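Here is a short briefing to read alongside the model. Have a look at the fold first, then follow the notes below.

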Amino acid sequence: MRVVTWNLWWRFGPWAERQKAILAVLRELRPDVLGLQEVWSTDDGAGLAEWLAGELGLHCAFAASEAPGRWQRRIGDDTVGIGNAVLSRWPVTERAALRLPAPAELDDGRLAFYARLDAPGHPVPFFTVHLNSGTRARAVRREQAAALVEFVAAHRHGTAFPPVVTGDFNAPPESPEVRLLRAGGLHDAWDHADPAAPGATWDAANPYIPHPPVPGVRIDHVHVGPPGPGGLGAVRAVRRAGDGPVDGVWPSDHTAVVADLDDGQAVNAPGRSGS
């Protein structure tokens, strides 16, 4: 099962051209499930998640932020919403959204979003999250990560497939907020990456980053619970994607993270570590 997490940089920059570049990357990856953050939507029901799902032949579930005002003021358009999305090869049978805790001065409606996927054999409890950004928000992110761990615990039941938690944590792997996930029984899929492979998802090479960290930093993560029977959900491979321009256009200010998990199927799809 191929899992992708990606922050799509909302409606910033050359968003219409970026939209095409995002689709090109995803078509090449052929994901089974996507956890997406900073996904735009409009008042007429249209949105990036629905468009991508239609182009890729996937099911779509979207959770809109309840407080998009700060985002909208940045682009001067109050008709565009923002939220998290899950796109899946399989139908979504349950969903729930959690508005993450934040003080009023730092609250811009960040969410954790849960979707249960009706995958063959074992339903998949899948989550995608977007924590607050900035050095001032470190304590806030710790509270948000703690709330996320409780949210995952409340929805991981009833299946042998381990919970899969994706998202933009705005924090590196060694940070206290990310370590909370490990304390909650989740492990970092990147532990299975090639040690020589580039890992920064907030990368100095990306022209959209005004003051890039040098070297870059990995702030986008896939975490997975302990494998089920026979290694169900075990991480087989992990890497970056969307880490360069497509026809001269960088898709996002973040790179994607791609993780291939054991889905318990005996036959793998061509070109993948798992189906």
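T128 counts as buried because its relative accessibility is 1%, where buried means under 20% relative accessible area with a 1.4 Å probe, protein chains only. This is a predicted model, with local features needing pLDDT of at least 70 and side-chain atom pairs pLDDT 80 or more, while totals for chains, interfaces and linings use all residues. Residues are numbered from 1 along each chain as its sequence is written, and side-chain values use heavy atoms, leaving out hydrogens and water.

**Around T128**
- Strand β7 (residues 124-130) holds T128; strands are DSSP runs of E, at least two residues, and helices runs of H or I, at least four, numbered from the N terminus.
- Leaving aside neighbours within four places in sequence, the contacts of T128 (heavy atoms within 4.5 Å) include G35, N84, L111, F113 and T166.

**Nonpolar cores**
- A nonpolar core is a set of buried Ala, Val, Leu, Ile, Met, Phe, Trp, Tyr and Cys residues joined through side-chain atoms within 4.5 Å.
- The largest one has 32 residues, and W6, L8, L26, L36, L52 and L87 touch the most other members.
- Helix α1 gives this core its largest share, six residues.
- A second, separate core of 28 residues includes V164, A189, V224 and V238.
- Beyond four places in sequence, L26 touches V4, W6, P31, L34, L52 and L56.

**Whole chain**
- The protein chain has five helices and 12 strands.
- Of its 275 residues, 55% count as buried.
- The C-alpha trace spans about 50 × 40 × 40 Å along its principal axes.

Note on methods. Buried < 20%, exposed > 50% of the residue type's maximum accessible area, 1.4 Å probe, protein only.
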